[in-house]
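Have a look at the model first, then read on.

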Amino acid sequence: MLDEDPIMLSVSPVYARSILAGVKGVELRRRAPRISQGTRAWLYSTLPVGQVVAVLTIDDVVEAPLSELWRRYGSRAAVTREDFDAYFSGLSRGAALIIRDVQALKVPVSLSEIREGGAFQPPQFYRRMRAGAPEASLSGRELHPMMRLAVG
């Protein structure tokens, strides 16, 4: 089942670059988002970049004990074991967002450009993109013809 609305997913610039490079096929999260398999996501590279840089598909969301997450997805998460442990400190479970069909935007979209359509605050984690919201204008953006990455 697909969600009707795509989401905007916030990721630090280092991880956004790794996703675009095809190195990172799994995004780790402390809690699982409530999204369906196949949800489309606009990738927002957080400050200091502050731009929407790509669109991708979240193939699946897997919630599991941390030892299982690391065993199954550590090699595709583009993080060290030390960073993994620090990120999940205090938790026994976490989530892995399995990424596929990454495609860069031909021209990244800045926060100021999105805000031209109205008040917009980038998500801390993720947010649904509803029709009529300022970020809904992204749907007409041209995708880079040479940046179709199949990650997963």
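Predicted model: local features only at pLDDT ≥ 70, side-chain atom pairs only at ≥ 80, totals over all residues.

One of the pairs joins Tyr87 and Phe88. Their centres are 4.9 Å apart and their planes make 75°, which counts as edge-to-face (over 60 degrees; under 30 is stacked, the rest tilted). Ring pairs also tie Trp70, Phe84, Tyr87 and Phe88 into a cluster.

The two partners compare like this, with buried meaning under 20% relative accessible area, exposed over 50% and partly exposed in between (1.4 Å probe, protein chains only):

| Residue | Relative accessible area | Class |
|---|---|---|
| Phe88 | 1% | buried |
| Tyr87 | 35% | partly exposed |

Phe88 sits in the loop between α3 (81-87) and β5. What does Phe88 touch, leaving aside its neighbours within four places in sequence? Its contacts (heavy atoms within 4.5 Å) are Leu28, Arg29, Arg30, Leu66, Leu69, Arg93, Gly94 and Ala95. Leu28 is 60 residues away from Phe88 in sequence, with 9.3 Å between the C-alpha atoms.

Zooming out, the chain has four helices and seven strands, ordered β-α-β-β-β-α-α-β-α-β-β from the N terminus. These are DSSP runs (helices H or I, at least four residues; strands E, at least two). Of its 152 residues, 44% count as buried. Among contacts with a separation of 6 or more, 76% come from residues 24 or more positions apart.

Now the cores, meaning sets of buried Ala, Val, Leu, Ile, Met, Phe, Trp, Tyr and Cys residues joined through side-chain atoms within 4.5 Å. The largest has 17 residues, and Leu9, Ile19, Leu43, Leu56, Ile58 and Val102 have the most contacts inside it. At least two residues of this core come from each of β1 (7-11), α1 (13-20), β3 (39-45), β4 (51-65) and β5 (93-110). A second, separate core holds 13 residues, including Val26, Ala64, Leu66 and Leu69.

Conventions
Residues numbered from 1 in each chain as written. Heavy atoms only, no water. Phe/Tyr/Trp six-rings, centres within 6.5 Å; stacked < 30°, edge-to-face > 60°.
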